[in-house]
Structure formats: structure tokens, C-alpha cells
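Subject: Structure handover

Hello,

Here is the structure you asked for. My notes on what was found in it follow below.

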Amino acid sequence: MSTRASTSFFSLRRILIIAQNTVTQLVRMKVFYFLAPIALLFVGIQFFDLIWYQGAETLQPEQELRMHKNICLGTMMVFSSMFGIVATALLIPGDIEDRTLYTILCKPVPRLDYLVGKLLGVMAVIFIAMVVMDVLLVATLHFRTEQKLVEVTEYMKKIGYPEEDLAAGRAEIAAHGPTLILQYGVMAHFLKASVIAAVALLISTFSTSTIFTIATSAMVWIIGAFQSVAREGLFTDPFFGEDPNMAERIVSTFVTLVFPDFKLFESIADGAVRAEEVLHTDMAQLGGFAALYIGIYVVLSWFVFSDKEF
Amino acid sequence: MSDVPAVEAKNLVKDFKGAFKGKKVRAVKNVSFQIAPGEVYGLIGPNGSGKSTTMKAVLGLVAPTSGSTSIFGRNSLKVDSRNEVGFLPENPYFYKHLTAAETVRFYGKLCGMRGRKLKERIGELLELVGLQDARDRRLKGFSKGMLQRIGLAQAMVQDPRLLVLDEPTAGVDPTGSREIRDLILELKNRGITVFLCSHLLEQVQQVCDRVGIIHQGVLVNEGRLDDLIAVENRTELILENASESLLDQIRTLVDVTHQAEVVSEGNARTTLEDLFLRETMSDAKEQAASK
Amino acid sequence: MRRFKTIRNLIVIAAVLAGTGYLRMPREQKFTQDLRERKIAHPQIDSEIWSEMGQTSLAGAFGGLRSVMASFMSVGAYDHFENNDWYELEKDYDVITALDPYNSFYWDSGGWHLGWNAASWAKRNQDFSPAKRQLFEMEYLEKGDAFYWKGLKYNPKSEKLYYEMGAMWSNEFKRPDLERAAEAFKMVRYSRNPVYRRRYLFTVSRITGREIEAYDEMMRLMQDGPIHFSVPKFRVLSVILGSNPELPDGVLRPQIHQVFQTKELAYRDLYNYRARIKYDGYYAGNIDQLMKQLIDELKVPDSLNPFVTEPMRPLYPSVWREELEKRDADAIID
């Protein structure tokens, strides 16, 4: 007697099975080896002072820590976004070419489950990689922050800071170390990478070549970085204003409506690096936008993929 | 036995966009057939005849332009219909990063199997297809025959009532082909319906109950194998240890009736495959004995 | 059919994206505005700056690496400083601060290069006529000042920028404008940093006509406790400013024996302070009277008597000890 599998429209269990398989596939492709040079970079920048570093008396420790965070977070952002594009772009065409897709779709697996499972798998690998990089970042930043705190404390005592102000001075430096707010920056980059992976998923469902998928997704990544410029133009200059440059307005409208606003994610990450007060509610809103983007792209992917023939 | 056919195609038509702009190619032209539960049905035809397209339509991988296909009464395009189906594609590739056991486990999980039942089923299937020694080897290092066998294992993981096999013995050596053939016969004995496509006619002849011949998208002939290939007005009689005098008597009897004639006589022939197997298997047995 | 499906799919995708885009657009705008107001999001880059950006910084701006690009560009800008290429340096810093405007470090560096390094270079450059040297020096000082002010627009809480601006305008080797310096230092006189807290006092005490104000500031700082008394100038000012005859009756007037541990220390500090009056314009008060009194009491040798011998700048403790020992040795011989 054959097993009657659940053939509901959406099965979390099936999605997780496909996601787990995707993770195993990517891990056994040794994608995590790239973490070795990144670890070297994160540890290596510990030993670089700013070239015009003049010591604690100029109170530049803050800037050193910022630069450390900028480089590390920038690396994490570039890696996670690129990986999101390339890994997703290769997955579905790879399955079609290898015909593994046939055997999967001939099991009671709705196409939506397959798509969501693949995307979740990529997101899981990005997440794991970012956790590893984050641990490295926190460790190296902690070490450097402690060094700077010692330097600054010595200097403050030397110039006669009152006792009650020493703690506040130290706290200002410590705020640029590994804090919860910095983790918000890491999370923002993860969410951005997830959105760009969902874009790549959508494009791969109708693209005929992997290179086209990668190139187009990269274009979306770039255009998404200045979607906010186009959008603000629309809000500040009404569409039918006094002297509309129609071509510009049309392009701005198109960019604003169609492309995601990646600036939101970058702004949160930048703010986190500068130790600005990023709130839980900011992260909740950002998560909401990410979920919306991903949801839209997944639904559209399913729409295209559902009647695709193999 | 249920009245619902295991597979039914009704007036199936499938068009594809041709190489030239706007020109359609009709790959399948109004094909209709039924496969009864427990039957082994072979769909044969030359390359490009529409066999694979018909098979894909039955599996729901392509949508018919018109007409319909169903599996045990369920529309092929519905996901529900795939509960009962196991599919082995032509030249199958699976995820190379998985081991044999992991591959079967993956497909078993997709079918809703879990826990001990799945674990036992994996062991059972790997033994059935002769891959128990390679269960922890990654598919990357598998030969074509081994891939074919793991393909069979994943196709059968959820114990489906229907198996669809596309060129199951293509590129497989005679030993492997024989094993697959024997397996198909065993499945038939268990009451599992098998729908296979092949252009290796001799092998189709060995296993199929019914056969459909498709050519340029049209089902040109269909029926029970014995009925199709029987030469109506000829009878074959094979004797063992017949003496010369007995043979003379039979020849005389035929001459006397004036209704029939002896068309040919001579030693019955084995097949090249049987000879190959006899030689290779006896060689393997000798080597094993000498060790 | 397939072509129809492709077109249909594209239309549906475009329609869904446009429809959902229309719904999310105002929410995105609101969120962005909120982040900008709280200075979490960077302001938009000026169109002028776009045109100045090189390919790399453009790529960085578009790729979401604004802060990282700013970091790398600031390292590259140091080369322009070493080559005295002030035009390129200024352009680079326009881009750097546009990329990361909420980082006061870049405004500080840019202001430093323009107001200090470029101005000094212009002042010393023998390729220019004296008039031109002066003109260019002033131009760069003003550029530096404008740069600091622009930085303060984005970083209004940056004490460093105020401090550096004040330091630039109070530097005796440049073209000091003590009024402007005082305005800058006034903004940091409540800083936790004792160095910053004192600068307003030190500047105002150099401006003729603001001695009372200086005295009030000094009294405010005395409430911080003994921390400022570790600085010689502060010790001297506390006595000198308190000697101002225009102060109202009844105010506190610190005396030498209250402020200084020893009379020798008092003399040395007063000696050094007096030597700077001519150059820095510090308030003299009754310093001559105090010094003459100490010269008699301590029997200060002529070599250390500024009324007899041209004063040294500064009088180091080691020199002070040497001269006293010489005096004592001469006395024995006599």
C-alpha cells in the first residue's frame, strides 16, 4: 500500500526537506571555504591603524572602530548579496539540466513548495555564513575595543577627567564596540541578501540562461540602491508639476514602483555602524518590508513556474 | 481489480513552438490509450516519435494542448495524482552530493514517509536494487548502471501503484538489463502497473503485456503483445531430445495432410544475451570459487 | 502559445510589481524620512557631488558601501596632502563627506587639511608674492572654517569640530581671530573634557575688554575642583584675573600663596606667562608687580629677571634649577 503523502497546497515539512537538501548541496560544494580569506581579513585589519593615527589624545579610537566595522560589514554585505544571487541563479537551471527536477516534481510536491524550499535553503546558507562572520567580527572588534578603552582611559586620566566622567567617556567608545545595535546592522544585510535571492529566484523562473539571471539580478541590486532617489523625486516634484521632464518622471515612476528600496537596509546598517539609536521597531519595520518583497517575488515566481513545461 | 484504469490518455494532443518563428510542431496527435492496473505496458517508437512527450503528459510535466491524461482517475496535472506514481527518467541524474541512502531518504521524505518505516524501506530498496554495499557512497562516483538502479529505488520508495520508466535499460550492460527486467517482472507479480518507454524492442518483448507503437505522434498500433507479434498461420513447435525417427514421422505426417508445410527446421537458438550471461556469470562463479 | 504565455507572464509580473509598488511607496518614503530625521539614514547626495564622484565611489554609493568608500577615499586623500594638491584634496573631501556626512572625523580631517595644512603651505610658499601668500592663507583658513561649519550642520553635537575650529582661529602662528575662536570654544566649555572646558577661558582672557567675562569663566571652572590647577596657565590666570581693579568689590581674588605650592613655582609660571603676553595678547593685570615682589623675596638672579635680561621662552624647570645653583655657587665664591 503506497503512502498517501499530504498534498496540501503548502506544506512546511516538505519545504524544509527541500531546504535542507539545498543546504547540504551547497555545503558539500564547499561554499564555506570562502570564509577562510574573510577570517584573514577580519583578523588582519586589527593590525592596521589609520595612517594619520596620532594616538588617543586626538580621540580617534572611535574612528578606528568605525573603520573596522565598515570594512567587516561591507564585506559581509557584498558576500551575502553576491552569494544570494549566484547560488539561487544556479539552483533551478541546475535541477532542470540534471533532470533532478523531474523526479522531484513527479513526487507529490507542489511547485510552490519546491520554490520556497530552494529559496529557504539559500537563505539558510547565507544565515550560517553570516553567523560565522559575525562571531569573527564580534571577537576582533571586542579585542580592539578593549585596547582602545585602555588607551583612552589612560589619556583621560592624564588630562584630568573627573572620576564621574571617566565612565561616560569610556561608554562613548564602548558604544562603537560589539553591541546589540551592531547586530541590527548584520541582520539588515541578511535581510537584503534574502530579498535579492528572491529576485534571482523570480528571474530564474523565466530566464533561459544563468548568466542572464545573474546579470539581471545584479542590475536590480544596483538600481535598488537608488530607488529612493527616484522615489523622492516623485514625492518632492509632483508628476504633473509646472515644468515636468516627462521622460525623467516616467523613468522615476517605473523605478520606484518596480524595484525594491535597498537603501532602507543599507541605512539601518550604516546607522548601526555609527552606533546611532536603531530601535527594535525599526528592525520590525525593515523585517516587514523584507517579508513583503520576498512574498511578492515568491508568488510571482510561482505564477511563472506553475505552468512551466519541462 | 479496480475498473479505474491506472493510466488513461484521451485524445491527447501536444503542440510545441517550432524552430521557425510562429510554426508549431504537433508532437502528439490525438493519442488515446488505457493501461489497466497490474499491467506492464510498453510504448515504443523511433526517436522523436512522441513517446517521451506522451509520458511527460501522463506525469503532468507538460500540459496537454487538448485532451487529457489521468492516473487512477486523477487528472495528471493535479499534485494528488503523484502519490501513486514513481518515475525513472531517461539517463537519470540525481543530486551528486547525496549518498545512495540519502537520495532514497530524500525522495521518501518528499512522499511523506518518515521515521523507522522510511529507514526500513531504504534498506529494503537498496537491497532490492543491489546497492546495499554502496549505500554510503556519494552518487558522484556512480556508474550509469548504478544510477539507473538508484533511480529505480527512488521511484519505488513510496510503494507506488504505478511505475513510469523511460528507457530503463538504456546504456546498461546485459547483466544490469537482465536484473532490471527481472525486477519489472517481479513488480508485475506484486500487482504494480508498469508503463515503460523504450526502443530496445527485444527487452520490451520480454516484459510487456501490452504494447503501443507510436510514430510521428500517432498511435499506429496497440494491443496484447502475443496478439501483435504472433504470425497467425505459423506454429512453432520446439522439441527436446527428439530422435531422428520421431522427426521423420512428423515430417511424413505433415506431407500426408497436404494442408501445411514445414517452413524451416533446425536447432533451437538461444539468444546472444543468454550466451553472454552464461559465459560471464560462470566466469564470475569460477573466480569466486578459486578465492 | 508559448510566446503568448511569455508576454502574459511579463504583463502580470509588471502589473503586480507596479500595484504593490504603489501601495508600499508611501510607507517606504515615510520610513526613509523617519530614519533621516533621526540621522540613521544619510541625506541625499547633492547633484554637484554626483558629478565629482569617480567610478569607484559611484559604484560604492550604488552598491550600498557609502561608508566603506568614504573610509578608503580618506586614505587616498592623504596622498593629496603629501603632494600639496589642495584642489584635489578639497574635491575628495567634498565627496567623502557627502558619502558619510554623519561621521565628524571626515569633517575634522578635511578642516584640518584646509585650515591648517593648506593655509600653512600657502603662507610658506616662496613661489607666491607676499601679498598672494597672505591672500591664499586667508582663503584656506576661511575654507577650513566653512568646512567645519558645514560639518557641524550634520554633526551638531561634535565637540571636536568646535574645538578644532577654535584652535585654528586662536593659533598665534596663523592669523588669529580671537573673537571667532572664542565663539567656537564657547560651545564646548561645558564638555566633560577638561582640555575643552578651559579653552574658552584661555581665549577670552586674550581679548581686550573681556577680562571680566574671563574672570567669571575662571570662577566657574574653579568649581570643577583642583583638576584645572594642574595647568600652569590656569594657575596664573586665577591670580592675574583676580587682580583686575575693575572687578566689583567683595569678589574672590585668589592670592599666590593660595594658588601655588611654592613661591619658586609661582615665579616660574608667572615668568612664562609674562613672556607670552607680548605674542599672545594675554591679560597682564598686576603681573609686573607680583613678579618684582617675588624677585626680591627669592633673590632671583639677573639671568632669570625679565626686567633685566630678555626672557627665555619657555623657562624650563631644569634651566631654573641650573641658574639658581649658579647663583648659589657665585654667592659662596663671593
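In which helix of chain A is Ala167(A) found? Ala167(A) belongs to helix α6 of chain A. Please keep in mind throughout that this is a predicted model.

Is Ala167(A) buried or exposed? Ala167(A) is exposed, because the number of other C-beta atoms within 10 Å is 12, and a residue with 12 or fewer counts as exposed. The C-alpha atom of Ala167(A) is separated by 65 Å from that of Tyr102(A), and the two residues are 65 residues apart along the chain.

Chain A as a whole

Chain A has 12 helices and 0 strands. Its C-alpha atoms fill a box of roughly 80 × 65 × 30 Å along the principal axes. The chain has 310 residues, and 49% of them count as buried. Among the contacts in chain A with a separation of 6 or more, 85% come from residues 24 or more positions apart.

The side facing chain C

The contact between chain A and chain C takes 48 residues from chain A and 41 residues from chain C. On the chain A side, the elements that give two or more residues include α3 (61-98), α6 (163-174) and α12 (280-306). That α6 is the helix in which Ala167(A) is found. By class, the chain A side has 28 nonpolar, 10 polar and 10 charged residues.

In chain C, helix α10 (residues 194-204) is mostly covered, with 10 of its 11 residues buried. Among the buried residues of α10(C) are Arg197(C), Arg198(C) and Arg199(C), as well as Tyr196(C), Tyr200(C) and Phe202(C). What do the buried residues of α10(C) pack against? They pack against α5 (111-159) of chain A, together with α8 (159-170), α9 (178-186), α11 (211-222) and α12 (232-242) of chain C.

The nonpolar core

The largest nonpolar core has 219 residues, and those with the most contacts inside it are Ala198(A), Ala153(B) and Val164(B). Helix α7 (residues 180-206) of chain A gives the most to this core, with 17 residues.

Leaving aside neighbours within four places in sequence, Val164(B) is in contact with Met55(B), Val58(B), Leu59(B), Val85(B), Phe87(B) and Phe195(B). Strand β6(B) pairs with strand β7 (residues 162-166) of chain B in the parallel sense, over 4 bridges. Within that pairing, Phe87(B) stands opposite Val164(B) in β7(B).

Two backbone points in chain B

Glu167(B) is not a glycine, yet has a positive phi of about 50°. This residue is in the loop between β7 and α5 (174-189) of chain B. Why does Glu167(B) count as buried? Glu167(B) has 20 other C-beta atoms within 10 Å, and 20 or more is the cut-off for buried.

Gln216(B), also a residue other than glycine, has a positive phi near 50°. Gln216(B) lies in the loop between β9 (210-215) and β10 (218-224) of chain B. With 14 C-beta neighbours inside 10 Å, Gln216(B) counts as partly exposed.

Regards

Methods: Residues numbered from 1 in each chain as written. Chains lettered and ligands numbered in written order. Predicted model: local features only at pLDDT ≥ 70, side-chain atom pairs only at ≥ 80, totals over all residues. Contact = placed C-beta atoms within 7 Å. Core = buried A, V, L, I, M, F, W, Y, C linked by C-beta atoms within 7 Å. Pairing = 2+ DSSP bridges. Nonpolar A, V, L, I, M, F, W, Y, C, P; charged D, E, K, R; others polar.
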